[in-house]
Amino acid sequence: MSLPQTTTQQADLGAVSDALRTHDRFLVTTHENPDGDALGSVLAMTLALRSLGKDAYMFLAGQSPLPGEYAFMPLDDLHRDVPDDVGERVLLAVDCANESRLGPDAEILHAAPFAIDIDHHHDNTRFGNVNLIVADASSTAEVVRDVFRELGVELTPDIAEALYIALVTDTGRFQYANTTPKALRLAAELVEAGADVHRVFQGVYENVQFAKLKLLARALERAQVYEGGAVVVSYLLRNDFGEVGAAEPYSEGIIDYLRAVEGAIMAVLIREPPRADGPLRRVSLRSSSDELDVSAIARKLGGGGHRQAAGFSSEKPIEEITEFVRREFVDATQQRAAPRA
């Protein structure tokens, strides 16, 4: 008989907290091409470990620049090179659904003597030696806060603001379906602890680079609706980035404009990263209905994510990717509509 989910999560929380107490040297990381939850969680975890007297090395794989909207965050100590002593550090991965998202290779996972996995993606592969996966959490930041409470970590203003950035971005400014009462209570706690709501809002949402607006214009110009308006698809070509002067992270958030189209149930953004060391195309999927699990669609081509936000990489042409997502949407819709026996 399987244990109730809450009992299992409590056991996992205890195992992760014990591992954090026991070890002293960590390599704290998150997924490549990070979003606000990834950056906020990795920063908060690094600051918390250091407050406990631990040696925490904050690391992000790849050399792609960070999204400009997070430039105000204190991330000067975020290293892009694997430390020489990686084999002596515990790997602590936050907001990372599987080991492939740690970077182009799994060097750090294989080199580390022990791995801890903290996340909220429901399809997490539990690649750590100990794992804390809370699929119904609003964000990884929410899970991280529970870990801090278990460890007795004080919420300083810097830690609180990092967590708030993670929380507010992953809930879409508290507008997505994952905005739970617990998430709102956490937001209040973080503000009370010193998170500057106005500074975060200005930094993330009112500091848009002009090049990002021009990139958005190209995506909106190419947007097409299918299946009676239920599916919205657009794309960005590799040369678009260079022509408007935009880095790859500038495409972050564009898909939310597609999802906002009246009648849209699924939004799709296909983009060609402006660098040659990765997949030919990356595909982001968003659903406006919890009944449509876009992570199931993404997994069919090796990707994953949340029920309402997922993605995958592909070498297929844009036209084939478009036909694939349309077909999968129709199949998923028909399965939901089919009468139960």
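Me: Where does a residue with positive phi follow helix H6?

Reply: Look at Gly194: this residue comes after H6, and its phi is positive, near 120°. Keep in mind that the model is predicted.

Me: Okay, which residues of H6 are buried?

Reply: Start with the general idea. An α-helix makes a turn every 3.6 residues, so residues three or four places apart point the same way. In this helix, the buried ones are Ala183, Leu186, Ala187 and Leu190. Looking down the axis of H6, you find its buried residues within an arc of 105°, so they line one face of the helix.

Me: What covers the buried residues of H6, and what sits on the face turned away?

Reply: The cover includes helix H4 (140-151) and helix H5 (157-170). On the face turned away from the buried side, you'll see the exposed residues Pro181, Arg185 and Glu192.

Me: Now zoom out for me. How many helices and strands does the protein have?

Reply: You can find 12 helices and 11 strands.

Me: And what radius of gyration would a compact globule with 341 residues have?

Reply: Near 20 Å, and the protein has 20 Å, so the two agree. Its C-alpha trace spans about 55 × 55 × 40 Å along the principal axes, and 53% of the 341 residues count as buried.

Methods
Residues are numbered from 1 along each chain as its sequence is written. This is a predicted model: local features need pLDDT of at least 70, side-chain atom pairs count only at pLDDT 80 or more; totals for chains, interfaces and linings use all residues. Side-chain values use heavy atoms; hydrogens and water are left out. Buried means under 20% relative accessible area, exposed over 50%, partly exposed in between (1.4 Å probe, protein chains only). Helices (H or I, at least four residues) and strands (E, at least two) are DSSP runs, numbered from the N terminus. The arc is that of the directions from the helix axis to the C-beta atoms. Contact means heavy atoms within 4.5 Å. The radius of gyration is taken over C-alpha atoms; the globule rule is 2.2 Å times the number of residues to the power 0.38.
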